[in-house]
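Here are my notes on the model you sent over. Have it open while you read.

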Amino acid sequence: MGVTSLFLEVENKNVFILGTGEVATRRANRFLDKDANVILAGHHIDEELIKKGAILKPLENLEDLVKWADIVIIASADEKLNEYIASISKDKLLNRADYPEKGNIIVPTTFMIDDVEFSIFTNGKSPLMAKELRKKIQNTITNEDLLEIKLQDYCRTLLKEKISEQKLRKEYLYKILEDEKIKDFLKNNQLEDAKDYSKKLIENI
């Protein structure tokens, strides 16, 4: 598959999901959480999806739903219907839960740790291992890592006001990353002290 990972802005985008089962529900939640407009076609959806704004439609007038959609997701157990919807979705962003390689977008395993979003895709070879890798990543990321991200964001903002050259800003960010005193602050959960110390370093550039 000639695919690459990207993040797509989906706020106010129209998402049509064929199916209302477990996979369809997961997909719907993903897009609803990012403020997309979601319609599912099937027989029944969870009440929580309706509370989030999802709309349930019967398996009728599906061509109109495909036309309405910016993104089409096929997640039903009806292979014949899946193939039909895929055939009329050629000009759409299409995700197929049944045969990912037949679509043109992938919805990978995704999870958040604080402000950091992780996506894992095994090229369809093992969804089970994607879940196992997720557990390993979650056990590897430390609180210090998360604080360092916040600190780097703070320092990047200060450096942009002082230094126009990106390469030079990057050098200073590495110095902050490797500073032992800053590491001690973050190890002790002292983010504000780390910010104050970093600000003084930047002011003295």
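The points below go from the sheet to its core, and then to the helices.

1. First, the ground rules. This is a predicted model, so to speak of local features takes pLDDT of at least 70 and side-chain atom pairs count only at pLDDT 80 or more, while totals for chains, interfaces and linings use all residues. Numbering runs from 1 along each chain as its sequence is written, and side-chain values use heavy atoms, with hydrogens and water left out.

2. The sheet. Five strands form an open sheet in the order β3-β2-β1-β4-β5, with parallel pairing. Strands here are DSSP E runs of at least two residues, helices are H or I runs of at least four, and both are numbered from the N terminus. To pair, two strands need at least two DSSP bridges between them. At the edges sit β3 (55-57) and β5 (93-96), each pairing on one side only. On average, neighbouring strands are turned by 20° against each other, direction ignored.

3. β1 against β2. These two pair in the parallel sense over five bridges. Reading across, N14 stands opposite N37, V15 faces V38, and the bridge partner of I17 is L40.

4. Which way do the β1 residues point? N14, F16 and L18 go one way, V15 and I17 go the other, and all are buried. In a regular strand, side chains alternate between the two faces of the sheet. Buried means under 20% relative accessible area, exposed means over 50%, and partly exposed is in between (1.4 Å probe, protein chains only). Because five of the five β1 residues are buried, the strand is largely enclosed by the rest of the structure. β2 is mostly covered too, with four of its five residues buried.

5. The core. The largest nonpolar core has 17 residues, and V15, I17, F31, V38 and L40 have the most contacts inside it. Such a core is a set of buried Ala, Val, Leu, Ile, Met, Phe, Trp, Tyr and Cys residues joined through side-chain atoms within 4.5 Å. β1 (14-18), α1 (22-32), β2 (37-41) and β4 (71-74) each give two or more residues, and α1 has the largest share, four residues. Contact means heavy atoms within 4.5 Å; leaving out residues up to four places away in sequence, V15 touches F31, V38, W68 and I73, among others.

6. α1 on the sheet. This helix lies across β1, β2, β4 and β5, and runs at about 165° to β2. Angles go from 0 to 180 degrees between N-to-C directions, and axes are lines fitted to C-alpha atoms, for helices over the stretch in contact.

7. α6 with α7. Helix α6 (residues 143-162) and helix α7 (residues 166-178) pack at about 145°, with axes 10 Å apart. Among the residues making the contact are L151, C155 and L159 of α6 and Y172, L173 and I176 of α7.

8. Worth a look: K195, in helix α9 (residues 191-203). Is K195 buried or exposed? At 19% relative accessibility, K195 counts as buried. Its contacts, not counting residues up to four places away in sequence, are L151 and Y154.
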